[in-house]
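Student: I have a protein chain to study and would like to go through it step by step. Could we work by question and answer?

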Amino acid sequence: LISGRGSNMSALIDATRNPDYPAEIALVISNKPDAAGLEIARKHGIATLSFSQKAFETRDAFDQAIHKALQDNAIELVALAGFMRILTPRFCQQWLGRMINIHPSLLPAFKGLDTHAQALAAGAHAHGCSVHFVTPELDDGPVILQARIAVLPDDDEEGLAARVLAEEHRIYPEALAMLADGRCEAMKATLSNTALVSQA
Ligand code: GRF
């Protein structure tokens, strides 16, 4: 699921070109019909769909339309790659343990938006990115992989973002492979318990 330029999506597509990679990208869905990533996916011969929020009365209706599209296409795992929309708790539960996200910070630090600005404002010495399971709480699920970089004395938002993005492209394919080939099973078991507790 994407909303924009799709560079993480491209990194995943590139990884799947290796015949030994344990997953394939079967469908790319965007909530923005003009997302640049859609064109990249099409050029790779990957099916794409876009759903405009305006066509749906509620968040639930929107998310359930995506859910149905995923089911209709026999999708097994969902990778959020710059999908700039908060998903409903119902959708998160439907894909619990089967949906991951890439977030540009060392979670649990700097959740939400503008993470590079947040890191600079906080005077962080280290920054990076995290691939995590998606749960109903924003940027909160268990972390599968992280990459850490040093914040340099003269770093600005742009420079930091570029160095973090290079790490995102490295760890996202690796984390998806871990999930697809069964290396996250123990973590998934914890996840169901945690989600049940937080719902209570
Ligand atoms: C990335 O920085 C990702 O961590 C965040 O949104 C951005 C998406 O970039 N969730 P791209 O569309 O993958 O290039």
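What follows is a set of questions and answers on this predicted model.

Student: How many helices and strands does the chain have?

Tutor: Read the elements from the N terminus on: they run α-β-α-β-α-β-α-β-α-β-β-α-α. Counting by type gives the totals for the chain: seven helices and six strands.

Student: What share of the contacts with a separation of 6 or more comes from residues 24 or more positions apart?

Tutor: Burial gives some background: of the 200 residues of the chain, 46% count as buried. Among the contacts with a separation of 6 or more, the share from residues 24 or more positions apart is 60%.

Student: Which element gives the most residues to the largest nonpolar core?

Tutor: This core has 36 residues, and Val 28, Ile 100 and Tyr 172 have the most contacts inside it. Two or more residues come from each of H1, helix H2 (36-43), E4, strand E5 (126-133), strand E6 (143-150) and H6. The element that gives the most, with nine residues, is H6.

Student: How many residues are in the second, separate core?

Tutor: The members of this core include Phe 62, Ala 69, Leu 80 and Phe 91. The total for this second core is 19 residues.

Student: Which residues of H1 are buried?

Tutor: H1 is mostly covered, as seven of its 10 residues are buried. What covers these buried residues includes E1, H2, E3, E4 and H6. The buried residues are Asn 8, Met 9, Ser 10, Ala 11, Leu 12, Ile 13 and Ala 15.

Student: Which element gives the most to the lining of the largest pocket?

Tutor: The largest pocket has a volume of about 920 Å³. Of the 36 residues that line this pocket, the closest to its centre are Gly 82, Met 84, Ile 102, Pro 104 and Leu 113. The element that gives the most, with five residues, is H6.

Student: How does the lining of the second largest pocket divide by class?

Tutor: The second largest pocket has a volume of about 460 Å³. It is lined by 23 residues, and those closest to its centre are Glu 24, Ile 25, Ala 26, Ile 75 and Leu 77. For reference, the lining of the largest pocket has 16 nonpolar, 13 polar and seven charged residues. The lining of the second largest pocket divides into 20 nonpolar, one polar and two charged.

Student: Which element gives the most to the lining of the second largest pocket?

Tutor: H1, strand E1 (27-30), strand E3 (78-80) and H6 each supply at least two residues of this lining. The element that gives the most, with three residues, is E1.

Student: Is His 132 buried or exposed?

Tutor: His 132 is found in strand E5. Residues it touches include Met 99, Ile 100, Asn 101, His 103, Leu 107 and Asp 139. Buried means under 20% relative accessible area. His 132 has 2% relative accessibility, so it counts as buried.

Student: What is the relative accessible area of Ala 166, and why is this residue called partly exposed?

Tutor: Ala 166 has its place in helix H6. Partly exposed lies between the buried limit of under 20% and the exposed limit of over 50%. Ala 166 is therefore partly exposed, with a relative accessible area of 45%.

Student: How far apart in space are Thr 115 and Ala 23, C-alpha to C-alpha?

Tutor: Thr 115 is found in helix H5 and counts as buried at 3% relative accessibility. Thr 115 and Ala 23 are 92 residues apart in sequence. Their C-alpha separation in space is 29 Å.

Notes: Residues numbered from 1 in each chain as written. Predicted model: local features only at pLDDT ≥ 70, side-chain atom pairs only at ≥ 80, totals over all residues. Heavy atoms only, no water. 1 Å grid on protein atoms, 1.4 Å probe; cavity = no way out; pocket = protein on both sides within 12 Å on 5 of 7 lines; lining within 4 Å. Points joined across faces, edges and corners; volume = space filled by probe spheres on them. Helix = DSSP H or I, 4+ residues; strand = E, 2+ residues; numbered from the N terminus. Nonpolar A, V, L, I, M, F, W, Y, C, P; charged D, E, K, R; others polar. Core = buried A, V, L, I, M, F, W, Y, C linked by side-chain atoms within 4.5 Å. Buried < 20%, exposed > 50% of the residue type's maximum accessible area, 1.4 Å probe, protein only. Contact = heavy atoms within 4.5 Å. Lists of a residue's contacts leave out its neighbours within four places in sequence.
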